[in-house]
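Here is a short report on one protein chain. It starts with the terms, then moves through the strands, the cores and the charged pairs.

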Amino acid sequence: MNTLMKHFLLSMLFAFSFAATAETGWVGALAPDFKLQDQNEEWKSLEDYKGQWLVLYFYPKDDTPGCTTEAKNFRDGYQNIKALNAEVVGVSLDDVESHKSFADIHNLPFSLLADVDKEAATAYDVLGGFGPVEYAKRQTFIIDPNGNIVYHYDDVDPDTHMTDVVARLKELQAGLTE
C-alpha cells in the first residue's frame, strides 16, 4: 500500500471516529450515576450533588498542558461557580495517587474522580483512545439539581471553558426564573 493510500485511510478513520463522537442528545437525559474515589480516597456519587448544580468535566490526563490549564482555570473561577450553587468535579482515567499529586501541586479545591475502570467514561460516552491508549475525551456536562443533564459541551477550549461554563450556568438559572 502506498503512502498516499495510507494517509487517506488514516484520514477516513479519524473522520469516522470524530463523527461517531458528535453530540449524542444528552440534554434532557437523566445523568448516569457514578461511584468513584476522589483524590482524598473519598467515595463520591451523583447523589452527593443532588440539590445543587454540577459541572462534571472529563479530561484526558493529569499534568498535561491542556488539562492543567483547564483545572487551574476552574480553580481560579471556583468561587464564581460556588456562588451559583454549583460544584465542579473533574474525572479522568488516572488513579487516586495521580489525582492527589495533581490537586496538591495546583491547589485544586474540587474533587478529581479516578475512573480507573472506565465506568463513568463509558456511561457518559466519553471514552476515547488510539490503539491501546485509552483516555476520557475532554467534554463537560452541566447537571441540574434534580440530576438532569441540561447542557453538554462536546468541544472544549481549556483556555476559555471556565468562563463559558459560568456564563452558561447563569443563563440556565435565569431561564428557570423567567
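Helices (H or I, at least four residues) and strands (E, at least two) are DSSP runs, numbered from the N terminus. This is a predicted model: local features need pLDDT of at least 70, side-chain atom pairs count only at pLDDT 80 or more, and totals for chains, interfaces and linings use all residues. Residues are numbered from 1 along each chain as its sequence is written, and side-chain values use heavy atoms, with hydrogens and water left out.

**Overview**

The protein chain has six helices and nine strands. Of its 178 residues, 43% are buried. Buried means under 20% relative accessible area, exposed means over 50%, and partly exposed lies in between (1.4 Å probe, protein chains only). The accessible surface of the chain comes to about 9500 Å². Carbon and sulfur atoms account for 55% of that surface. Such areas come from the Shrake-Rupley method with a 1.4 Å probe; for residues, only the protein chains shown count as cover.

Among contacts between residues at least 6 apart in sequence, 65% join residues at least 24 apart.

**Strands**

Start with strand S8 (residues 139-143). Five of its five residues are buried, so S8 is largely enclosed by the rest of the structure. In a regular strand the side chains alternate between the two faces of the sheet. Both faces of S8 are covered. Gln139, Phe141 and Ile143 are buried on one side, and Thr140 and Ile142 are buried on the other.

Which strands pair with S8? Strand S3 pairs with S8 in the antiparallel sense over five bridges. Strand S9 also pairs with S8 in the antiparallel sense, over four bridges. Two strands count as paired if DSSP finds at least two bridges between them.

S8 and S9 form a hairpin with five residues between them. Gly147 in that turn has a positive phi of about 90°. His152 sits in S9 (residues 149-153). His152 is buried, with a relative accessible area of 6%. The side chain of His152 makes a polar contact with the side chain of Gln139 (2.6 Å). A polar contact is a pair of N or O atoms within 3.5 Å; within protein, one must be able to donate a hydrogen and the other to accept it, and residues adjacent in sequence count only if both atoms are side-chain atoms.

Phe130 has Val133 in S7 as its bridge partner. Two residues lie between the strands, and Gly131 in the turn has a positive phi of about 65°.

**Cores**

A nonpolar core is a set of buried Ala, Val, Leu, Ile, Met, Phe, Trp, Tyr and Cys residues joined through side-chain atoms within 4.5 Å. The largest one has 25 residues. Tyr57, Phe74, Ile81, Val88, Phe110, Leu112 and Leu169 touch the most other members. S3, H2, H3 (78-82), S4, H4, S9 and H6 (161-177) each supply at least two residues of this core. H6 gives the largest share, four residues. A second, separate core of 21 residues includes Trp26, Val126, Phe141 and Ile143.

**Salt bridges**

Side chains of opposite charge can pair when their charged atoms come close. A salt bridge is a side-chain nitrogen of Lys or Arg within 4 Å of a carboxyl oxygen of Asp or Glu. The count comes to eight salt bridges. The table includes three of them.

| Pair | N to O distance |
|---|---|
| Lys61 and Asp94 | 2.7 Å |
| Arg75 and Asp76 | 2.8 Å |
| Lys100 and Asp104 | 3.4 Å |

Lys61 and Asp94 meet in a salt bridge. Lys61 lies in the loop between S3 (53-58) and H2 (65-76), and Asp94 in the loop between S4 (86-92) and H4 (96-106), so the pair ties together parts that are 33 residues apart in sequence. Lys61 is partly exposed at 43% relative accessible area, whereas Asp94 is buried at 6%.

Arg75 is partly exposed at 24%, and Asp76 is exposed at 56%.

Lys100 and Asp104 both lie in H4, four residues apart, about one turn of the helix. Lys100 is partly exposed at 34%, and Asp104 is partly exposed at 44%.

Technical notes
Contact means heavy atoms within 4.5 Å.
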